[in-house]
Amino acid sequence: MSYTIALNFEDGVSRFIQCNVNEKVLDAAYRQKINLPMDCSDGVCGTCKCRCESGQFDLGDDYLDDALSDEEREQQMVLTCQMVPESDCVINVPMASSLCKTAQQRWTTTVAKVEQLSPTTVELTLDCDEAAEVNFLSGQYINLSVPQGDVTRAYSFSSCPGTAPLTFLIRNVPDGAMSHYLTQQAEPGDTMTIAGPQGSFYLREVTRPLLLLAGGTGLAPLLSILHSVNQQGITTPIHLLYGVSRDDDRVKCDVLTAFTEKLAQFDYQLCVSDPHSSEPLKGHVTDHIRPELLHNGDVDIYLCGPPPMVDAVMTWLNAQGVTPAHFYYEKFTPQVAQVSV
């Protein structure tokens with residue numbers, strides 16, 4: 001038996017290690033060739049101090065207060081030289097991955113399917129012989145490279161961690177190199193390289209209601225989050241507001257409807273900014289955030305969308321005078337590299 005420990009470095013790189021029962025995190029990391037910061041390894045100096053974002057662990061009493069104070073311990077700070085996990089954990093390491101002699105992982109994948117879900121959205125499905133080893137936290141992204149080219153783009157997983165195949169929702173950008181490849185050239189069996197995972201936008205431990213806000217293909221990481229919530233059997237109230245520009249931009253509504261049947265307290269709404277939409281809810285996501293969805297601030301908000309949407313939600317929350325318990329967001333901007341055909 002072992003526990004999966006996610007190490008999130010300050011440069012955005014995440015690495016996953018296996019920690020045996022009764023094994024200290026620092027020892028497990030070194031065993032797997034990741035040099036976490038350390039000096040004494042005896043709970044004396046505090047050099048190995050990190051923050052445990054989620055998970056259960058035991059620190060014991062064999063360390064000095066100068067290395068870790070009671071106040072720091074209450075803030076979930078840990079000494080990795082003393083920390084013995086009792087569950088899967090997520091640990092924030094206050095150092096760049098390169099300084100710990102590690103970096104992004106890379107995997108070779110093959111194209112299983114490319115499906116144009118709408119004029120603006122492509123779903124890419126990748127197979128990977130090492131799929132069980134492609135660890136990530138729901139909400140994170142990878143860097144995907146076009147075959148035989150120097151074009152690399154970042155895309156969030158829409159699939160659930162630890163499952164195969166890997167799926168992504170990709171915006172179809174006119175004249176974009178990746179879009180051109182996926183819509184005009186990609187064939188099943190093509191080889192694509194992925195590197196990662198990365199990102200500080202990921203599902204934390206669920207202890208209160210969730211409000212999920214998605215704009216366009218920003219739905220991808222929130223789908224991954226819903227998969228994880230379902231897998232974990234979480235029963236907390238969850239509401240998703242999904243906004244698109246036009247009716248034909250709508251995707252994965254069948255999947256969202258299926259989640260309403262799997263998750264006891266999940267529901268979602270779709271809104272379309274086009275005033276001529278056939279949908280009953282028109283306008284922007286901020287037009288439809290009802291007061292009860294904010295639970296008087298006792299809510300964790302996860303938002304993924306284009307920069308104007310993220311800024312609009314922040315402005316709206318400030319105007320309402322509401323400060324959520326936690327507010328996690330990811331801005332994405334379509335990158336365009338012109339292609340010649």
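Which residue lies over the face of Y202, and at what distance from the ring centre? In this predicted model, that residue is R204, which is placed 3.8 Å from the centre of the Y202 ring.

Contacts between the aromatic rings themselves were examined next. A pair of aromatic rings is described by the distance of the centres and the angle of the planes. With pairing taken to require ring centres within 6.5 Å, the count comes to seven aromatic pairs. One of these is formed by F157 and F168, whose rings are tilted, with 5.1 Å from centre to centre and 35 degrees between the planes. Because F157 lies in the loop between β11 (152-156) and β12 (166-171), while F168 belongs to strand β12 itself, the pair ties together parts that are eleven residues apart in sequence. Both of these residues, F157 and F168, are buried, and together with F136 they form one aromatic cluster.

A further tilted pair consists of Y302 and Y328, with 4.9 Å between the ring centres and 35 degrees between the planes. This pair links distant parts of the chain, as Y302 is found in strand β17 (residues 300-305) and Y328 in strand β18 (residues 326-331), 26 residues apart. Y302 and Y328 are both buried.

Definitions and conventions:
Residues numbered from 1 in each chain as written. Predicted model: local features only at pLDDT ≥ 70, side-chain atom pairs only at ≥ 80, totals over all residues. Heavy atoms only, no water. Phe/Tyr/Trp six-rings, centres within 6.5 Å; stacked < 30°, edge-to-face > 60°. Helix = DSSP H or I, 4+ residues; strand = E, 2+ residues; numbered from the N terminus. Buried < 20%, exposed > 50% of the residue type's maximum accessible area, 1.4 Å probe, protein only. Lys NZ or Arg CZ within 6 Å of the ring centre and 35° of its normal.
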